[in-house]
Amino acid sequence: MTVGHAPPDISPVSGKSFPPSPPSPLPVALEPVVPVSASGLRLGSVPRWVRRTIGPLLLLALWQVLSGAGVLHPEVLASPGTIARAGADLVADGTLPSAMGVSLRRVAVGLLLGGVVGTALALISGLSRLGEDLVDASVQMLRTVPWVGLIPLFIIWLGIGEAPKVALIALGVAFHLYLNVYAGIRGVDSQLIEAGQSLGLRRWGLIRHVVLPGALPGAMTGLRYSLATAWLALVFGESINADAGIGFLMNQAREFFRTDVIVVCLVVYAFLGLTADVIVRILERLLLQWRPTFTGQ
């Protein structure tokens, strides 16, 4: 038998030899089949800001088409082009910037007052059982009252000037911040408290280094809700006895059936609310860098 060759096959019955069977072919690596659609442009490769603008642009295009075809009458809803021209006129004569300044000042003052009150009550109630017994029941009871329904009382108590509008905003902001900050404090892991105590931290040290950082995510969530509520309260407040602000422009436009001006004011409300939400998101990224979160796939 020659070295390097396979021995012949021998039949166990007849004893006859047969030529050796050819060796089995080596396995061939198969290339993965790639669908034709996947080899082209993928939606995930498109910049995110482009994907986020596709929906609004399609909505605007449909709106313009329906307005041009006469489906949407101008007295019912003005076309995007008419709204853009109305907005440009309001900016050119200074009416819209002045109204935005008045509304922003009301929201800022109401947010500051409501934020201070809501956060202070949450700290009193969340850090102490005695404070919870004294504060939480009253706040929960007042929270169930529709705060918009308090507008007549605010007008009686505070008059028809700026005070009732600011008070309405502050009330809505305080409740949201109270609930979220209180939940954040009570949601701190007890094992972290025990770890801090084992390291020798006293009560105020635990509050500063453990409790407050642990409650910060809840506080930021409450701030986002509070900003949304602040703009909502501003709409209600400026619709009653207002002589300046975005709501005042809307009331004037309603009397003259100017749907273009009304939509401009609504767009301004939405833009200001979106800007405030973006600012809070940036603060979250800066203050909560230590917290890994899921951002989607």
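Trainee: Why is Leu274 called exposed?

Mentor: Leu274 has a relative accessible area of 54%. Exposed means over 50%, buried under 20%, and partly exposed in between, with a 1.4 Å probe and protein chains only. So Leu274 counts as exposed. Leu274 sits in helix H11, residues 259-287. Helices are DSSP runs of H or I with at least four residues, strands are E runs of at least two, and numbering starts from the N terminus.

Trainee: What kind of model and atoms stand behind these values?

Mentor: The model is predicted: local features need pLDDT of at least 70, side-chain atom pairs count only at pLDDT 80 or more, and totals for chains, interfaces and linings use all residues. Residues are numbered from 1 along each chain as its sequence is written, and side-chain values use heavy atoms, without hydrogens and water.

Trainee: Why do Arg106 and Glu238 count as a salt bridge?

Mentor: The N to O distance is 2.8 Å. A salt bridge needs a side-chain nitrogen of Lys or Arg within 4 Å of a carboxyl oxygen of Asp or Glu. So the pair qualifies. Arg106 lies in helix H4 (residues 95-127) and Glu238 in helix H9, so the bridge ties together parts 132 residues apart in sequence.

Trainee: Are Arg106 and Glu238 buried or exposed?

Mentor: Arg106 is buried, at 2% relative accessible area. Glu238 is buried too, at 0%.

Trainee: How do you know that Asp277 bridges to Arg224?

Mentor: Their closest N and O atoms are 3.0 Å apart. Asp277 is in helix H11 and Arg224 in helix H9, so this pair ties together parts 53 residues apart in sequence. Salt bridges with shared partners also join Arg106, Glu162 and Glu238 into one network. The whole structure has six salt bridges.

Trainee: Why is Glu132 called partly exposed?

Mentor: Glu132 has 21% relative accessibility, so partly exposed is the label. Its salt-bridge partner is Arg186, at 3.0 Å, N to O.

Trainee: What makes a space a cavity rather than a pocket?

Mentor: On a 1 Å grid over the protein atoms alone, a cavity is a set of points where a 1.4 Å probe fits but cannot get out; a pocket is an open set with protein on both sides within 12 Å along at least five of seven lines, and lining residues have an atom within 4 Å of a point. The search finds one cavity of 30 Å³ or more. The largest cavity has a volume of about 90 Å³. Its lining includes Ile151, Phe154 and Lys165.

Trainee: How many residues line the second largest pocket?

Mentor: It is lined by 14 residues, with Leu60, Trp63, Ile83, Val263 and Val267 nearest its centre. H3 gives the largest share, five residues. The space comes to about 330 Å³.

Definitions and conventions:
Grid points are joined across faces, edges and corners, and a volume is the space filled by probe spheres set on the points.
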